[in-house]
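Subject: Structure handover

Hi,

Here is the structure I promised to pass on. My notes follow below it.

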Amino acid sequence: MDTLLFLSPSEAGTPLSKQALEALAVTKQLAGALGTTFSVGLWGANPSADELAACGAAKFFVVAGAEFSEPRYATDAAAAEALGRASGATVLIGPAGSRWNRTLAGVAHRLGGRADSHVTGVSSEGGTLGIARWYYRQRMEGILTRTQRPWVLAVETGIAPAWQGEAGTAPVEAVACAPGAARTKVTGIADQAAGQQTIRPDADLLFVTGAGWTKKQPDGQVKVGEAEPLILDFLRLARASLGSTKSLVDLHGEGQATLTFLTHMNQVGQTGSTPRHAKGLSTCCHGEEPHTVGWRFIGERRAISLDANCGWARGKADVLYVADAFAVMAKVNASLGEKTEI
Ligand SMILES: Cc1cc2nc3c(=O)[nH]c(=O)nc-3n(C[C@H](O)[C@H](O)[C@H](O)COP(=O)(O)OP(=O)(O)OC[C@H]3O[C@@H](n4cnc5c(N)ncnc54)[C@H](O)[C@@H]3O)c2cc1C
């Protein structure tokens, strides 16, 4: 029978990320469905399991040491490998953030197992562990099983509610780990070029901008200068994440007037990302790819477009506002601003 291990970096005094707690919830749910136990494995300069004391784990393992605090492949992989060996678990589960995504394949190799990333669901039919993954730019879902163990998994964000529970005192077992030679030194974190964080995977709302924001408006004027503060104010007030169509982010490369804070990282769709948010609002956007593929995992969708006949907005949005996005967003911002001041 499989036994499970939830893995995450951790530091005492800093709560685990929402994404890590979602992966823990998936681990716990899977253990229940398979009728097996799960353990927790944490690493860092001074990792603490107290926040997870009530999660129901059979054991808590930690690798501690100053060198394990930095987000670095060599030390992350060494710690996860040591925790995997100490726990004896056959399935290792971590959150699909930048640290685990770059580490899990190496950990699986060292343990003689297999790795799968982008896990969007788990199943236990007939007592056999299965994982769900999307293929062909998120158009088809497949369920995979594997006979090889250990099986090392990276769980996507937004597929389960984050685990919540009372903190307490968790009895931890220290695991010895030699960090090995680490050539990489983390000297700081650089924010994106414009210094404006616009991609927020944890946000409730995805706000999608289309090329219409940069097009001539009914009065014959291009109003990119007005669009920028409207969009940035909305993102700040609603704490929304920013997605964009390909056409709009491509304008940068063509030297045309565009929204300066957009990069290709914001692009959603067939050749962009397919983020998971509870709600989505697309503005000035006509494209098929953003509406069909980019919104694949958005729960409730609304669109603002001047084009009442836009088949994609009509077909894929739950509510279509046929209106001028400049006017609508100015009113929305004013109303959000009032609410924030209260
Ligand atoms: C192989 C391939 C892959 C692709 N991959 C992607 C992808 O991953 N992601 C992606 O986004 N695209 C992708 N595309 C491009 C895609 O097909 C569309 O061309 C593109 O998404 C259209 O961009 P848009 O909606 O921003 O702009 P447009 O098509 O120019 O639409 C602008 C819309 O804004 C409206 N508008 C203008 N002013 C206002 C206003 N004031 N208020 C309200 N509405 C207004 C207009 O009526 C119009 O409907 C791909 C294309 C190909 C061929």
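Arg149 is partly exposed, because 17 other C-beta atoms lie within 10 Å. On this scale a residue is buried with 20 or more other C-beta atoms within 10 Å of its own, exposed with 12 or fewer, and partly exposed in between; C-beta atoms are placed from the backbone. Arg149 sits in the loop between β8 (140-144) and β9 (151-155). Helices (H or I, at least four residues) and strands (E, at least two) are DSSP runs, numbered from the N terminus. Leaving aside residues up to four places away in sequence, Arg149 touches Thr90 and Gly113. Touching, or contact, is defined by C-beta atoms, placed from the backbone, that lie within 7 Å. Ser123 is 26 residues from Arg149 along the chain, and their C-alpha atoms are separated by 17 Å.

Before you read on: this is a predicted model, in which local features need pLDDT of at least 70, side-chain atom pairs count only at pLDDT 80 or more, and totals for chains, interfaces and linings use all residues. Residues are numbered from 1 along each chain as its sequence is written.

Most residues other than glycine have a negative phi, and most peptide bonds are trans.

- The peptide bond from Arg149 to Pro150 is cis, with omega near -5°. Pro150 is also in the loop between β8 and β9.
- His118 is not a glycine, yet has a positive phi of about 55°. It belongs to strand β5 (residues 114-119). His118 is partly exposed, since 16 other C-beta atoms lie within 10 Å.
- Arg239, also a residue other than glycine, has a positive phi near 50°. Its place is the loop between α4 (224-238) and β12 (241-244). Arg239 counts as exposed because it has 12 C-beta neighbours inside 10 Å.

One more loop residue is Glu166, found between β9 and β10 (172-174). Why does Glu166 count as exposed? It has 8 C-beta neighbours inside 10 Å. Glu166 and Gly113 are 53 residues apart in sequence, and 34 Å apart in space from C-alpha to C-alpha.

Next, a helix pair. Helix α2 (residues 73-87) packs against helix α3 (residues 98-111) at an angle of about 50°, and their axes are 9 Å apart. That angle makes α2 oblique to α3. Axes are lines fitted to C-alpha atoms, for helices over the stretch in contact, and angles run from 0 to 180 degrees between N-to-C directions. Under 35 degrees is roughly parallel, over 145 roughly antiparallel, 65 to 115 roughly perpendicular, and the rest oblique. The crossing of α2 and α3 is right-handed, meaning the near helix is turned clockwise from the far one by less than a right angle. From α2, the residues in contact include Tyr73, Asp76 and Glu81. Their partners in α3 include Arg99, Arg102 and Arg110.

Finally, the overall picture. The protein chain has eight helices and 15 strands. Its C-alpha atoms fill a box of roughly 70 × 45 × 40 Å, taken along the principal axes. Buried residues make up 41% of the 342 residues. Of the contacts with a separation of 6 or more, 68% are between residues 24 or more positions apart.

Best wishes

Terms used: Two residues are in contact if their C-beta atoms, placed from the backbone, lie within 7 Å.
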